[in-house]
Amino acid sequence: MQIVGYALANLAGLAIVMCAIRFYSDVSTAYRNEDSFVSKDYMIISRPVSTLTTLGLKKADGGFTPKDISELEEQPWMRKVGAFSSANFSVMASMGLGDSNMSTYMFLESIPDDFLDVMPEGWDWKPGQTVPVIMSREYLALYNFGFAGSRGLPQLSESIIGRVPITFRLSGNGKSTVVMARIVGFSSRLNTIAVPGTFMTWANDQFAVPGTQPNPSRLILEVSKPGDPAIMKYMERHNYEVAGDNTDNSRATYFLRIITAIVVTIGAVISLLAFFILTLSIFLLLQKSREKLHNLMLLGYTPAQAAAPYYRLVVAVNAGILVLSTVIMFVASARWQAQLDEIGVHAGSALPALLAGATIVLAVTALNLLTIRRIVRKAF
């Protein structure tokens with residue numbers, strides 16, 4: 001009955017650990033997927049614009065200095081930092097839609113390619129080529145549902161607007177030119193109009209007044225611990241603004257990690273207590289068999305031969321616990337996966353949970369065998 005008690009306790013603990021790790025693996029696919037309802041671990045930060053700055057009573061902060069960027073890169077939760085490079089010249093964009101033509105002043109920005117959530121073909125640009133443009137999906141939605149209807153203009157799909165030619169008139173520093181452009185992709189991460197860095201560098205060299213290129217006013221960050229309270233404390237301490245509502249999703253991810261860690265800890269504690277139950281049970285069994293062990297020694301048996309039945313017992317029980325825990329994990333995951341599929345979250349890998357379960361069982365078994373060996377050798 002003591003062995004049965006150990007088996008049930010260890011089964012409960014191991015099943016909790018494996019189910020928690022498998023659930024975390026399944027749910028974490030939501031923020032590894034770019035199109036998921038949980039955004040990936042990217043943040044866009046800027047400095048706030050105060051009323052005094054607007055009224056001209058206070059000088060603007062001047063963007064992020066190299067020292068600011070270097071300090072960000074040294075933070076333990078930071079993976080990498082990318083700077084927005086803005087057009088320091090005038091841009092007039094024109095496009096024709098049927099019988100209607102539209103022209104407007106607009107802004108252009110570029111960021112390192114590593115931070116783009118879409119990478120269309122032909123993104124590299126060379127002088128004389130059409131300029132590829134990535135636009136925020138929000139801008140297309142604003143045009144279709146806020147501007148086109150009131151102006152009697154046709155609504156445009158992503159595939160159609162990508163075929164409409166755009167003309168950029170660039171001017172500044174006493175020069176001007178016209179280049180052709182085309183929208184090649186739409187971003188759900190960036191709230192901007194992005195062009196390749198090669199084009200932005202060329203255009204600023206040609207049309208920006210020398211020596212007037214400002215520090216970047218916005219940065220995009222890739223963080224390793226979404227929702228970590230240390231991130232928001234850092235932003236508040238340095239008076240940085242975080243764009244969008246990504247912080248709420250990041251907090252959800254952070255809470256998921258905390259809850260998973262708590263559940264795994266509970267399961268590990270149960271398994272540890274079960275290990276002590278088995279150790280005590282084996283110890284009592286060996287104490288009851290102390291006289292038999294002495295007789296086996298007098299008959300010429302070695303300690304290893306005398307301990308073999310206990311070894312087989314422990315290995316068989318722990319192997320059975322691992323198999324049953326794996327079955328419980330797959331049955332439980334099948335039930336919650338049906339619910340996750342309805343919100344577009346697909347199953348993750350079961351390998352981490354299986355490796356964790358096997359590691360725990362191997363460790364417990366090894367400790368049990370060492371304990372049995374020690375007690376038997378003392379008896380001999």
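**Salt bridges in a predicted model**

Okay, so this structure holds 6 salt bridges, where a salt bridge is a side-chain nitrogen of Lys or Arg within 4 Å of a carboxyl oxygen of Asp or Glu. Quick housekeeping: it's a predicted model, with local features needing pLDDT of at least 70, side-chain atom pairs counting only at pLDDT 80 or more, and totals for chains, interfaces and linings using all residues. Residues are numbered from 1 along each chain as its sequence is written, and side-chain values use heavy atoms, leaving out hydrogens and water.

Let's take Arg-47 and Asp-68, whose closest N and O atoms are 2.6 Å apart. Arg-47 sits in the loop between strand S1 (42-46) and helix H2 (51-54), while Asp-68 is in helix H3 (residues 66-73), 21 residues apart. Helices (H or I, at least four residues) and strands (E, at least two) are DSSP runs, by the way, numbered from the N terminus.

So is Asp-68 buried or exposed? Buried, with a relative accessible area of 12%; Arg-47 is partly exposed at 23%. Buried means under 20% relative accessible area, exposed over 50%, partly exposed in between, with a 1.4 Å probe and protein chains only.

On to Glu-222 and Arg-79, which form a salt bridge at 3.3 Å, N to O. Glu-222 lies in strand S11 (residues 218-223) and Arg-79 in strand S2 (residues 78-83), so this pair ties together parts 143 residues apart in sequence. Glu-222 is buried at 10%, and Arg-79 is partly exposed at 48%.

Then there's Asp-114 with Lys-80, at 3.9 Å between the closest N and O atoms. And here's the link: Arg-79, Lys-80, Asp-114 and Glu-222 are joined in a network of salt bridges.
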